[in-house]
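Colleague: I would like to learn how to read a structure with several chains, one feature after another. Could you take me through it slowly?

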Amino acid sequence: MWTRLKALIVKELLAILRDPKGRIVLIGPPILQLLIFSFAATLEVSNVDIAYIDRDTGRWGTELIRRIDASSTFREITPLTGMAEARTLLDERDVLAVVRIDQDFSRRIEARRPAQVQILLDGRRSNAAQIVAGYLERIIADLASETPGGKLAASPSETVVVQNWFNPNLTYTWFTVPGLIAVISLLIGLIVTSLSVARERELGTFDQLMVSPLRTHEILIGKTVPPLLIGLFHATLYVLAAIFIFQVPLRGSLFLLYPSLVFYLAAVIGVGLFISSLSATQQQAILGAFLFAAPAVLLSGFATPIDNMPAWLQPLTMLNPLRHFLVVARGVFLKDLPAGEVLADTIPLILIAIATLTAAAWLFRRRME
Amino acid sequence: MSADLARLSDVTMRFEAAGPPALDGISAAIGGGAVTGLVGPDGAGKTTFLRLLTGLLLPASGTVEALGYSTVTEPERIRAEIGYMPQRFGLYEDLTVRENLNLYADLRGLPADERAATFERLLRFTDLARFERRLAGKLSGGMKQKLGLACALLRRPRLLLLDEPSVGVDPLSRRELWAMVQELTADGIGVLWSTAYLDEAERCGRVLLLNEGKLLFDGPPGELSDRVAERVVRVTDMTRPKRQALAEALDRSGVIDGVIQGRAIRLVMKGGEEPPDLGGKVETTTPRFEDGFVDILGGGPGGRSALAAAREPAPEREGAVIEAHGLTKRFGDFTAAENITFDIARGEIFGLLGPNGAGKSTTFKMLCGLLKPSAGEGRVAGFDLRRDSANARSRLGYMAQKFSLYGDLSVRQNLQFFAGVYGLDRARANAQIERMIEIFELGRLLGTSAGSLPLGFKQRLALAAAVMHEPDALFLDEPTSGVDPITRREFWTHINGLVEKGVTVLVTTHFMDEAEYCDRIALIYRGRAIASGAPDELKAGVASAEHPDPSLEDAFIAMIERAETREAA
Amino acid sequence: MTPPAAPTQKSSQGGSPRWRRFRALMVKESLQILRDPSSLLIAVVLPLILLFLFGYGVSLDANRLPVGIVMEAGSPPARDLVAAFQASRFFEARLARDRRELAPDLVAGRIRGIVVIPATFAADLVEGRPAIQVITDGSEPNVASFVQNYARGVVASQLAQQIAEGTRPPPPLATAPRFWFNPGLESRFFLVPGSIVIVMTLIGTLLTALVVAREWERGTMEAMMATPVGIAELLLGKLLPYFALGLGSMILCTSVAVLLFGVPLRGSPLALLALSMAFLCPALGQGLLISAVTKNQFVASQVALLSGFLPSFLLSGFIFEIPSMPLPIQWLTVIIPARYLVPSLQTVFLTGDVWPLFRADIGAMLLIGLVFFVLASRATKKRLV
């Protein structure tokens, strides 16, 4: 049995590595994703263009604009003469926000009466708009504390002292890169596995396998181990990139990460084998993998928190292996997640792996008849 | 004969700068009112030749002219006046017969008022009227081919180019197609018919014989056969086994080629040499195109198989090695194979013949464990395929129809893989791999990806992979379609040698020549075995006064016709 | 399936040969679309799944963030603040005595932040320098920002109440942010138009690349090329049905978005149609180019996903702000057609017809489309190899 299994596993690995198409799958997506995700996929906001209408004649209005200008978040700050112009710029998305300072702004401040700054924001980009509103409010609050009246009253920005655990500067790559380890393992594991049976079927080599003395479970193991190894390899590359290129702190233990990763990959490979057994062609296998991967990534908490999803959808995400492994990957890197917590998310992975592999084996046997 | 319709002058075509040319200095002409055969094994350059004529490819050097226009400057004019049927017929499988015809009628600009009459004529001509609304993908191979032909004929072309129209088509449909094409030439249309079947060449008015990009012969097919006139003999009523006799004959220096024909053997002698004494009756017989081809190539291989010599005899056994008892397979309410029963003894070659979709592949697959029968049972080397399938499978070797090794793995990696899955231990695996490399002369190509091997070597590698574990039974699914005659001879030399060592062989084939190698044949038609017996018996069964010496193909067609009449009655 | 014979037969009447050939190609392609389950899968099922995910599943709007509150001393102002947190629609607050009780929950991700109201809070308040501490889970920066901002909001409104009660002087500077076009800040309002862009990319690029590559693989392209059909007819006849399919899918998605998800459509259908049509040019052109170069379904699908789907998802401004990206990537987005459709489409839905914006975007998309078509027709000369 070992001879046969070894031959099969070596062949699977070679078939993937020697096939130019296989190499596209193995090399293209991972590099592209690493680049795009870690550099482009950021919900941080910078280089924002804004405009202002300053009708104030006093020094406070000028001072506020100076401070906004000094902030690194904003790129271009355009003075406007009236609301009509503001409307056009917002409509045409030339600016994200317009700050409006009224005529009596300085006068009211000097008189220690409450003054108001109006901020108009482009709600089409609601996420960026909210973040920019937050920035502006903080700048305004800082200014407020220096006004004659402000020296007496405390502003909320001082009232609330914020401490960000695990990631004090809220560096975005610390968030995305550990998540990417999980996503890349999903995509690679899924594509490599879902193609493996479909490719053999298309090339006619599948019959060749079926007439050899290999038993069904041997073929299944032979089809599971290579994607597992390749998935582990890619995950390891990403772990190294996270530590050495992106300088993400590794606070927990990799000895906790890897066992969980193995079960996670097993669960994913089960899904891939299932898709593969179902597909007659590589084409269908790719589409099938895509049809699974898109919802799996979107409903995992990778980009947006699960808490934000509708209540009835949240329990469904429990079936998503990516959801569980994301917690482990991020936790091990940033939070030094204790073993108990890792286990709590690994047990569902084990259950999902058992379920998907069993389903795949069942379908595989059925399709042979 | 009218003036030439197309002309190639000193055409060379190269796809890879480093590799050998696909076509090498070809000059040829194609005339009207006749079928010109473009004959050669796979990879000889036939498709490239046809594509050059349509202007889909431009020659690296030399000129191509068709219908008086240059393919470089006026391909549009050529395309308006030719009919071209590419391999796989160029049909849209998810459109119906009618929709395919409509599409090509519009594309070829068939005037609206001629349409009804043309469709009617073509549908009658191809006998497809009943299937007008069927999806092209659901047609049988023969029907697809006729539809492809109909699409190419919509606008009565002056030159008709057919790329391997007979691949995957049974002899019956082949004969019909041939008759249809003959009818066209009567109207002055020039037909270029490319094929890997050498027997088709004999029926052509003229033949262009291609091999490895070179034009080996250009002229009427009889001229090529005449090269070996009076040198071809048939040896019948031999006292010794035919396979041993052939092996011995082939080793004689005077014999350049030899094949088995039922109980007889057929030999081509060197000029001036006497046929060897094999203890039988020797008579001179009509030479065939293939004999001439082999002669040009310098003769076939010897008769001894190093592969067979190197292996242990297969174990003696009581009873049959391969057994089929009432094998039946149903897919839904369609019965693909019904109650098929036969036994194959140790050291016997058994052939499954039949039109496409008749059930021979289904039967074959049930016997090597690829399909589970709905009823009945199959055994290999005594092991029940249902209960003991892994044991049964370890005793059989399998060679698939199309090349189905791992194309991205190197030759050595393929051998290592097959040694591994058949559970050969390290020492034995290494020994066997070395042996295969030596026997099949794979040494230079060990690092090459199997997918980029020349066809002949692919075939060798496939055989090596199938026999490395020294199986008791060999399953061969159309093993030599498309390969050149030398490679085919070599292949059968090995098979014959293995059979002499007691290996049992089950083979499916379309090739009548290949069927002649079988000890016994079962003819499968519409899911049933309608006839079985030795090739000579089958031939004798259809012999009649006006047809005293029918070929196996004649027998095949006659028996199918008989079965149809019986069914109709 | 019994094919409808009527439309195909009509094609035999009238028209110039060129027009007839063209129509025949379109009829063929349409029939194939209708009979191929995988094209319907991509054109109908996939859009609905994506729309559903973006309409329901993915949301950037944090609501009811689970947080823990540590009240170190139970003074009345502290209790008021706790009550304010508990009443906030943004938080799901849980009370604890000590922050050490809550720390493991923060590590495990069960809560998103800890609000600490120190023992000295009441006294500090009297002095006018109250301070509370907010600890967030920085491993999810976006959520952490929300926790900060919302916590500030709760505290601010709490202080405002005291101002109203006259116990505190009013703040010298107030801000009044107003979010135009989407006052409720519903992320679905911009995610759904964005997902329509992705759907059209999938149809235009992925599906087109697949079907054209399939013709190469099956040898039907060769048969076509050997007929008198011109290359432009061949390609246009192939693309127009997918153009229609893309528009159909867009209309389906728009209907679902408006009727089911309540996304407003403030611009005119004309503008929506014009933008979608302009976008389909580069999308189809890209698909065509990919298939002409690869001639293989598998490679075509990979390249289409990498060069079509991923960029239109990540580099179009759909979720991630382009100006926030590093400069080289910002330059790269210039050639991504989706980058021009995303802002325009969000505008059509949420703002109205802003033709100056649309004109520029349509121009850019048509230009990219032209480039793709020129490249594609070069790659698909009526010759093989």
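Predicted model: local features only at pLDDT ≥ 70, side-chain atom pairs only at ≥ 80, totals over all residues.

Colleague: What does the secondary structure of chain A come to, and how spread out is the chain?

Modeller: Helices (H or I, at least four residues) and strands (E, at least two) are DSSP runs, numbered from the N terminus, and chain A has 14 helices and 5 strands. The radius of gyration, taken over C-alpha atoms, is set against a globule rule of 2.2 Å times the number of residues to the power 0.38. For chain A it is 28 Å, well over the 21 Å that the rule gives for 369 residues, so the chain is more spread out than a compact globule. Its C-alpha trace spans about 95 × 45 × 40 Å along the principal axes.

Colleague: Which strands stand at the edges of the sheet in chain B?

Modeller: In general, strands of a sheet pair through backbone hydrogen bonds, either parallel or antiparallel. Here, two strands pair if DSSP finds at least two bridges between them. Chain B has an open sheet of 4 strands in the order β2-β1-β4-β5, with antiparallel pairing. Its edges are β2 (23–31) and β5 (69–70), each with a single partner strand, so one side of each is left without a neighbour in the sheet. Strand β4 (residues 61–66) is joined to β5(B) by 2 bridges, and B:A66 stands opposite B:Y69.

Colleague: Is helix α12 of chain B mostly covered or uncovered?

Modeller: A residue is buried if 20 or more other C-beta atoms, placed from the backbone, lie within 10 Å of its own, exposed if 12 or fewer, and partly exposed in between. Helix α12 (residues 360–367) of chain B is mostly covered, with 8 of its 8 residues buried, including B:F364 and B:M366. Just after α12(B), B:G369 takes a positive phi of about 85°.

Colleague: How many residues does each chain give to the contact between chains C and A?

Modeller: Two residues are in contact if their C-beta atoms, placed from the backbone, lie within 7 Å. Chain C gives 89 residues and chain A gives 94. Helix α7 (residues 141–164) gives the most to the chain C side, with 12 residues. Strand β4 (residues 115–122) of chain A also pairs with strand β5 (residues 173–180) of chain C, in the parallel sense over 8 bridges, and there A:I119 stands opposite C:P177.

Methods:
Residues numbered from 1 in each chain as written. Chains lettered and ligands numbered in written order.
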